[in-house]
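Me: Please take a close look at one helix pair in this model. Then set that pair in the context of its chain.

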Amino acid sequence: MSPIGLEHYLTLAAILFVCGAVCMATKRNAIGVLIGVELVLNGANINLVAFAHFNPAFEIEGMTFALFVIVLAAAEAAVALAIVLNFYNNHTTVDVDTAEDLKG
Amino acid sequence: MLPLDKHPGLIYVVATLLPLASFVILLIAGGVRQYLRPRKQESSLAGTLYTLLGGDAPGKTAAYVATAAIGLAFLCAVYGFVKFNSEAHHLSHEIKHLKEAIVELKHEAEHEGDKFEAKLKAKQGELAEKEGRWSGRVNWVVILPGGLNDNKHGTALQVGFYIDQLSAVMFAMVTFIATLIHLFSIGYMSEELHQPVADHEVHTAHGHLHRRGRFGRFFLFLSLFCFSMLNLIIADNLFQVFVSWELVGICSFLLIGFYYERTSASNAANKAFITNRVGDAGFIIGLLIVWTYVGTLNFQEVFARIRCPDKAFSAARGEHGKVVSLEYAGLIVRANPQGSKSANEGDMVSILKPDESIRADTRVIIFPREPDGHFEGVGPQSRAEVKEIDVFERPRPDQYSSMPYWLLVAAGLGIFLGCVGKSAQFPLHVWLPDAMEGPTPVSALIHAATMVAAGVYLVGRCFPLFTPEAQLVIAYTGAITLTVAASIAVVMTDIKKVLAYSTVSQLGYMMLALGVGGWVAGLFHLITHAFFKALLFLGSGSVIYGCHHQQDMLKMGGLYPKMKITAITMLTGVLAIGGIPLFSGYYSKDAIMADALGFFMVYKQHFLLFFLPLITAGITAFYMSRMWFLTFTGKPRDAHVHEHAHESPWIMTVPLIILAFFSVSIAWGPEEVALENTLHHAMPHAVMADFGVEPLVDSVIVRTPDGSKRRELTWSGGKTKPLSENSRHLAHEYHDLAGTMALGMGLAGILLAALLYYFRVLDPADSKEQFPGVYRLLASKWYFDELYSAILVRPALAVANWFRAFDTNVIDGVVDSTALATVKTSFWSGRFDNGIIDGLVNLTASVCFAIGAWLRRFQTGYIRSYILFLVLAAVAIWVIMSFLFGTGAPAAGH
C-alpha cells in the first residue's frame, strides 16, 4: 500500500464527479438532479483541496476557492430548492421533464 | 446745363436722345398697362394706375409724346445747322492752319528743342478745343486697358459724334421728314384707335380678325427708329454705325410686320430682315478687316491712315522749310514688298506710281498715326524722293505699316455689300417692294426717305475706304439697279409698288453717282429724293386712306375732283422726280448725269454707266406720270371706290403741302448757302484725288473772318490731272449737255405717258399684247424672286430636307439602336442578376436554413440530454487536448 497521495484524491474526485454527472443525466426527479449537482461540486472541491494540500503554491487559493464553492453550493441549493418547491406547488410534481413552460 | 458755348455739337446728341427718351417712356407705360390690364379689377391701386395711364382707350397720347420728341429734335437740328454753318468755314480754316502750324512746329521742336515744345503743346491744345466743338467721343468698351505702344492694334470701341455738313444736312432732313410723318401718322393710323380693330385682310374661322388697336405701339417703333437713324448719322465710327444699322434693321422688321396677322406682312418682314443679313455679313467682314489692320474704326482716323496726308514739311533736311502739298495727297498708296529685314527694321516696300499695275502681293501703305517732324510724304517725285520705306508688323505711332491691297478691296466691297442690303441695290433689292406691306407712313419714312438712304450715306461717308475697283463695282451696281427697278415700275399697278421700285431706281442713281466720283451729286440727290419720295409716299397714303385701303391703280381713276390737294401735291412730286427744271430733282439728277457723262468721256469702255441712267431718266418720267394719270385722271374705273373716295383730313394734307413746298425749293438758294455747295464742304479729299482736281470751277465762296468774301479752292492738295483724265472737270464742262439730254428724255417720257394714259391716243393694252414676253418679264419683276427661289431658297430647303433625312435616319437610327442595344443588354443583365447573383445569395440562405433546421432537433428541452452532450463534449475536449498537448506519459508516473 502506498501512502495516500494526490492521485487518490483525484481519483476519488473523478469518481464523485462522474457519479454526480450520471445522477444529473439520469434522474427525472428535480431533487435527484440537485443531489447530482452537489456531487459534482463536491468532486471539484476535493480537487481544489487536494491541490492546495499537495502544492504549497496553491495553498491559499485552493482553500479559498473550496470555501467559495461550498458557499456557492449552499446558495444554489437554497435557490434551487425554492424553485423546486414552487414548481411542485404549481404542478404537483417534481419531474423535470414536465417543466416545459419555457420551451419555445 | 450743357456747355453749348464750348461744345455746340452736343445739341445733336440731345436731339438724338430725345426720340430714345420717347421710346423708353412709351415702352414703360405700355408695359405697365399690359401688366395691369388683367389685374385692374383686383385692386383699386392697379385700377387707378391703369386709368391714369390711359385706361382701355389711351387715345393719341403716345403720338403726342413721340411727335413732341421728334419735333424738338428737329428744332435742335435747325439750331445746330444754323450754328454749324455760321462757323463751319471759319472753323475749318482755323483747323487747317493750326494743323499746318503743328506740322511746322513739330519739325522745329525736333531740331531746336524746348522752346518750341511749349508752343507745340499750346497749338495742340487749341486744335483739340476747336475740334471738340463739333465732335467728341468716349470709350465704350476698353479692350486693352493699358494700351499698346503701336498704332496698329485697337484698344477700345468708342461712342462719339462727328458733325460735318453732310451729317448736319442729313440730320435736319431726317428730323424734318420724320416730324411730318409723325403728324401724318396721327391721321393715317387713327383706325388703330378703335377697340377692337377689325382687320379685313385676315380671315379666321369667325370671320374677320378682331384685335386690340396698336396706335401706341406704332409710335413706339417710330421713336426707336428715329433714335437709331439719328445715331447712325452722327456716329463718328463704323462700329457705332453698325449698331445703329442693326437697330434700324430691327425697326424696319417690326414695322413691315406691323400687321403681323397677315401672312404677306410677316413674310415680307422676314424677307427684308434676312436679305439685310446677307449684306450685314459683308459689313462685318469689312469692319473686321479695318479693325485688324488699321486698329481703329473712327472715320477720320481710318481715312487719315489709309489715304496719304495732304501736307508735309517739305525741307525737313534743309534750313528753310515750308508746308507743301504732297504728290500722293489723298490717294491710296500702293507698294510692292522688297523683302524682309530684321524685326526692328521692318519690311522694305517700294512705292508704286498711281498708274502702275498691281501684283497679287501688292500692299497698301498705312500711314503713321502721329507723323513726326521728318514726315515728308512718300513717292518717287516727292522732295526727298522716298521711293522705298520700311513698314512694320507692330509699328510705333510714328511708323508705317501696311496691309494687303486685296484685303482693302475686300473691306470696301464688304462695307458696300452692307449698303447694298440696306439701300436695296441689285441683287439684294427684292425686299423693298415687299416691305410695302407695312403702313404707308412707314413706307414713306423708312423705306423711302431715311433708312434706305443710310446705305447711300454710308457709301458717301466711307468713300476714302473704297479702292478704284470697289468704286467701279459701286457704279455698276447702281447702274444695273436703276435700270432694272425702273423697268419693273412701268408695269406695276399697285400704287405703292410703283413708288417702291421708283425708290430702288433712285437709290441706284445715287450709288452710280458715288461710284463715278459724283460724291456731291449722289448725296445731293439723296436729300432731294428724301423730300419728294416722302411726299409721293404720303400722297399715296392719302389716296389709299381716301379710297378705303384700295391700292390698285386700275380701280382708281378720276380722283382729281375728289382730292385736289393730294393730286396737286403729288403732281409736284412727280415733276420733281421726273427732273423738270426748277423742281429739286432736276438739279440733283442733272448733277448725277453730268458726273456720269464726265466719267464716260474719260473711260469710254464704261459707256453703260452713262447711257443706262440717261434712258432710265425717260423711263422714270414715264412711269411716274403713268401713276399720276391712272390715279387722278380719266374716267373712274371702279364706281364703288370712286363714290366713297374723299380728301384726307388736314393733319394729313398739311404735311403734304409742306413737303411739296420743299420738293420744289430745297435745291434753291444763293450760291454760298445752296444745299449743293453746303454738301461740297464735306466732300472728302479722296474724291478729288481719285477723280481729278479741278483748277477753278470747283472753287467756292468763303467768308473770311473780316467779313469780306473771296473765292477759294475747296482743296489745294495734289496736282490737277490732265483734262483727258479729269472726269470731275469734264463733268462740269459738259454739265449743260448732260442736263439737256436728261431733260429731253424726261419730257419724252411724260409725253408718252400722257399719250397713253391721258389722251388715250395709244392703247396701253395694245403694247401689252404686242410684246407679251417683255410684259411678262417685267410684270414678274425680272423673275428675281423665282431666281432666288430656284438657286437659293429651294436648294437651301433641299439641303435642309437632306439634313432632316440624315437626322431622322442616321442620327436617330444611331440613337435608336443604342437604345435597343441597351434594352437587350439590360434584359440579359437582369437575367444574370436574377439567376446567378440572387441564386448564390438564396443558396447561402437556404443552406443556413437547412443547417439551422437540422440543429434545431438537438434542442430537446430535456436537461439530461444537455448534460449528456456536456459530458460528451467535455470528454471530447479532453481527448483532443490530450492528443494535442499530452506527452503520452501520465502525470502520476512522476
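Reply:
**A helix pair in chain B**

The axes of helix α5 (residues 165-188) of chain B and helix α16 (residues 519-546) of chain B come within 11 Å and cross at roughly 5 degrees. Axes here are lines fitted to C-alpha atoms, for helices over the stretch in contact, with angles from 0 to 180 degrees between N-to-C directions. The crossing angle therefore makes α5(B) roughly parallel to α16(B) (angles under 35 degrees count as roughly parallel, over 145 as roughly antiparallel, 65 to 115 as roughly perpendicular and the rest as oblique).

From α5(B), the residues in the contact include B:Leu166, B:Met173, B:Phe184 and B:Tyr188; α16(B) contributes, among them, B:Leu523, B:Ala534, B:Gly541 and B:Tyr545. Two residues are in contact if their C-beta atoms, placed from the backbone, lie within 7 Å. By class, the residues of this helix contact are 13 nonpolar, 1 polar and no charged (Ala, Val, Leu, Ile, Met, Phe, Trp, Tyr, Cys and Pro count as nonpolar, Asp, Glu, Lys and Arg as charged, and the others, Gly among them, as polar).

The model is predicted: local features need pLDDT of at least 70, side-chain atom pairs count only at pLDDT 80 or more, and totals for chains, interfaces and linings use all residues. Residues are numbered from 1 along each chain as its sequence is written, while chains are lettered from A and ligands numbered from 1 in the order in which they are written.

Chain B as a whole has 29 helices and 13 strands; helices (H or I, at least four residues) and strands (E, at least two) are DSSP runs, numbered from the N terminus. Of its 894 residues, 46% count as buried (20 or more other C-beta atoms within 10 Å of the residue's own; exposed means 12 or fewer, partly exposed in between, with C-beta atoms placed from the backbone). Among contacts in chain B with a separation of 6 or more, 77% join residues 24 or more positions apart.

Elsewhere in the chain, strand β9 (residues 363-366) pairs with strand β11 (residues 401-404) in the antiparallel sense over 4 bridges; pairing requires at least two DSSP bridges. B:Ile365 stands opposite B:Ser402 in β11(B).

As for confidence, chain B averages a pLDDT of 81, and 88% of the residues score at least 70; pLDDT is the predictor's confidence in each residue, from 0 to 100. Over residues 694-703 of chain B the pLDDT is below 50. Where pLDDT is low, the predicted coordinates should not be read in detail.
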